[in-house]
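Here is a friendly briefing to read alongside the model. Please keep the sequence and the 3D view open as you go.

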Amino acid sequence: MWALSVRMTDAPRPITVAEYEPLARARVDPGAWDYQAGGAGDEVSLADNRAAWDRIRLRPRVLVDVSSRTTATTALGVNLAHPIVVAPTADHSLSHPDGERATARGAAATGGVFTLSTISSVPMEDVAGAAPGAPRWFQLYAPVDRHACRALVERAAAADYSAVVVTVDLPMPGNRERDRRSGFEIDLGTHLPPEQPVDPETGIVVLPTLDWDELAWLRSVCPIPLLAKGVLRADDAVRAIDAGCEGVWVSNHGGRQLDTAVAPADALPDIADAVGERALLIVDGGVRRGIDVLKGIALGADLVGIGRPALWGLAVDGADGVQRVLELLRDELSLAMALTGCRSVDEITPDLLVRPQAQRMTP
């Protein structure tokens, strides 16, 4: 369902992340492409995720010596070369035959975090072996069977994943009409037990019984830090932290769950105000530029995630393509820091922003 990646030796090298998208589309099976690119319903949230970053204006500082800058940061006690995280996305073999191994290598080459999806084409241990020593997290679709769930998080810890990211916004799959039209069904990969419930129409995993009690139980058995992914409300963020989560990932699942849900960039400030310094904060959704990363940090995030762009780089040039996408974002972030008077990530503060009220979304 994928075409072999071809190294780009006879074509101009993309100079923006967006330029990878059409190149990737030409290399990926149409059904798989719609699965990766599509959103829920009328795809209003999908479009608004991108537009939310563009609504924010910057108020730069001047007369700051920015001749020396660093994008380095830390997360959960791990040193990182930059604050850009590869978010979890399913079945990377749809984009490249090396699958998640290649994505992990590309992220490791830049010193960033790679988050492996439960719905992976490659076992977590093999992904770990592809990039030994690199920072990596494991995203969890929590199996309904507690024994299977505990076994998964213990496997992740044994394979040196440094955190578990539990997805909390998928009780049922969103109305993904592109997949319904194409008939595409995702393979659940190597990690979920065969008895895990799935939606019969799409084959997508469902988690209708995951609730706060289950989150508390998961925290009690998870031997490594636990992050809750898919939070858009400040009260839910605080409750997750009170339940023991070390981090909150502000996300609307890439616009793939509840259409017209608020964009993560718009949800983040209230969550950051409520959480303060109590936990790690991550935001994703529509990030395409290093300036978006700077805005995400200024809004209160510690790290900023990308999903689809990593898949574009993977489809175009394997591990090297993933590395190049991350390098483009990192270098754009560094330039944006210089132009806003920031020498370190810690100097990216809310006073740099002119932020409008969240606007009404239009298709």
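Helix 4 is followed by G111, whose phi is positive, near 75°. Helices here are DSSP runs of H or I with at least four residues, strands are runs of E with at least two, and both are numbered from the N terminus. Please note that this is a predicted model, in which local features need pLDDT of at least 70, side-chain atom pairs count only at pLDDT 80 or more, and totals for chains, interfaces and linings use all residues. Residues are numbered from 1 along each chain as its sequence is written, and side-chain values use heavy atoms, with hydrogens and water left out.

**Helix 4 and its surroundings**

- Helix 4 spans residues 99-110, and its buried residues (under 20% relative accessible area with a 1.4 Å probe, protein chains only) are G99, E100, A102, T103, A104, G106, A107 and T110.
- These buried residues pack against strand 4 (84-86), strand 5 (113-116), helix 5 (124-130) and helix 12; contact means heavy atoms within 4.5 Å.

**The chain as a whole**

- The secondary structure comes to 12 helices and 12 strands.
- Along the principal axes, the C-alpha atoms fill a box of roughly 60 × 55 × 45 Å.
- Buried residues make up 58% of the 363 residues.
- Of the contacts between residues at least 6 apart in sequence, 73% join residues at least 24 apart.

- Not counting residues up to four places away in sequence, Y161 touches L116, M124, V127, A128, R136, W137, F138, A156 and I224.

**The loop at R288**

- R288 sits in the loop between strand 10 (280-283) and helix 11 (290-298).
- V17 is 271 residues from R288 along the chain, yet their C-alpha atoms are separated by 6.2 Å.
- Leaving aside neighbours within four places in sequence, R288 is in contact with V17, R50, R308, P309, W312, L329 and E332.

Definitions and conventions: Buried means under 20% relative accessible area, exposed over 50%, partly exposed in between (1.4 Å probe, protein chains only).
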